Structure formats: structure tokens, C-alpha cells
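Before reading on, take a moment to turn the model around and follow the chain from one end to the other.

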Amino acid sequence: MRIKICGITQPQQSLAITQLGATALGFICVPSSPRYVSIEQINLATSHIPDHIDKIGVFANSTIFEITKVVSSSSLTGVQLHGDETPLFCEELRQVLPNIELIKAFRVRSWEQLETTLNYTSGVDTFLLDAYHPQQLGGTGKTLDWQVLQSFRPALPWFLAGGLTPDNVLTALTQIHPDGIDLSSGVERSPGDKDLDKVALLFSRLNQL
Ligand SMILES: O=C(O)c1ccccc1NCC(=O)[C@H](O)[C@H](O)COP(=O)(O)O
């Protein structure tokens, strides 16, 4: 299973987190977020990270120009679209960045909304389901209803996000079987400052699976 730790801001934490077992690191490229990082910060945080670790830039309602500028100046291997990007936008971005993993995030407000994932299957590689919050785009610590998600059968591999912590991750994964999990505030001391003890606890809990 893929394990993405998102919202990294401190270079020394990125290496430690991959050594603990993360398969992907997420960098928030949304200026309004307290976890925002510049291109220079992304490059510092990824310079010692092995090639097999996915390095995902998280964007929300950015333009194709803004996204490609960050991707072409960094070692990002993937782009997560966390805003209201349309299927057409994803397909256009795919044309411009054919070798970059595209992840479309859905902030789930209603279960009917999950049907819209169908419209994105040709434009992206991966889905991510996150909790909806009226004021925040991500990193909210809110969980989804895992029981309802048991019937989610997406056409693409998917990450479960939203309020996962070392204490609830096994409960989630006994109910549903995503291809990956994504955690941010559940392994933090404060926004952008990861708690390496919590990250270690996460991996020791996952080893019990
Ligand atoms: O984390 C942010 O600050 C953020 C801001 C704007 C758009 C997306 C953002 N995060 C996206 C993520 O992938 C988070 O990991 C995801 O929302 C889960 O967060 P959490 O509930 O804290 O585990």
C-alpha cells in the first residue's frame, strides 16, 4: 500500500519520514495554506530523497502555467489537484505533463458526488478522497464515513485521506481497502511541523496489518 505523508515543510523531516517507511511525500503549493512551500523549499526537502519515493505537489485551482512552472523547476513526480479542477482541465494538464502522475482529490460533500469521479478516469492516474470542510481545502483532520465508502468501486487506484491518525488508521483499513493512505494533521505537532514519534507510531501500527 502507498503511504503519503503530506504537508511537509522542513527538509530534515522529509528524509526521516521516508526512512520510517513513507512511499510518497506531499508538498503544499497552495499559497493560502499554513503548510505552503516555495519551489526552493521543495528542492531543499527533496534533494536527498531517493528516486523511488514519490514527490507530490498539491495545488488547488492553479493555472496550468503555474503548475508547470513548479514542476519544471523541481523534482516533483506527481501533481495533486485539490480544488475544483474540471475533467477538461485535467486532460489538458495531462497533455502538458505526460510523465507526471496526476492525482485528482475529491473533497467529499455528498455520496452522490463520488459518481463524478467517473468523468475523470481518462484525465488522471489516481484519485484521492478527502473530507469536506467549508473553510479549509485540506489538512482539516476531519474523517470520512468509512462505512459508506465500503461500496466505493472507483475505476482508478485511490488514496484515502481525511483525519487519519496512528490511532484510527487500523479501524479505517479493516473497513476499506484503498490503494494508499494520506496523512497530514494526524502526524503533526502544528501545521507543517511533523511529529516524527507519531509518524513512527503510524508505521508500527501499519505493521500489525
Ligand atoms: O494541508 C493543507 O494545508 C492543504 C491546503 C490546501 C489544499 C490541500 C491541502 N492538503 C491536502 C492533503 O493531501 C492532506 O494530506 C489531506 O487534506 C488530509 O489532511 P488531514 O485530514 O490533516 O490528514
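A residue is called buried when its relative accessible area is under 20%, exposed when it is over 50%, and partly exposed in between, using a 1.4 Å probe and protein chains only. By this scale Ser110 is partly exposed, since its relative accessible area is 26%. Ser110 is found in the loop that links strand S5 (101-108) to strand S6 (126-131), and its C-alpha atom is separated by 9.1 Å from that of Tyr132, 22 residues apart along the chain.

Some notes on the model belong here. The model is predicted, so local features need pLDDT of at least 70 and side-chain atom pairs count only at pLDDT 80 or more, while totals for chains, interfaces and linings use all residues. Residues are numbered from 1 along each chain as its sequence is written, and side-chain values use heavy atoms, leaving out hydrogens and water.

The protein has 7 helices and 10 strands, where helices (H or I, at least four residues) and strands (E, at least two) are DSSP runs numbered from the N terminus. Its radius of gyration, taken over C-alpha atoms, is 16 Å, close to the 17 Å that the globule rule gives for 209 residues, so the protein is as compact as a globular protein of that length; the rule itself is 2.2 Å times the number of residues to the power 0.38. Buried residues make up 54% of the 209 residues.

Which residues of H1 are buried? They are Gln13, Ser14, Ala16, Ile17 and Thr18. An α-helix has 3.6 residues a turn, so residues three or four places apart point the same way. The buried residues of H1 pack against several elements, including strand S1 (2-6), strand S2 (24-28), helix H2 (39-46) and helix H7 (196-206), with contact meaning heavy atoms within 4.5 Å. After H1 comes Gly21, whose phi is positive, near 135°.

Finally, consider the cysteines. A search of the whole structure finds 0 disulfides, a disulfide being a pair of cysteine sulfur atoms within 2.5 Å. For Cys6, the nearest cysteine sulfur is that of Cys29, 9.5 Å away, and Cys29 likewise is in no disulfide. Cys6 is buried, with a relative accessible area of 6%, and Cys29 is buried too, at 9%.
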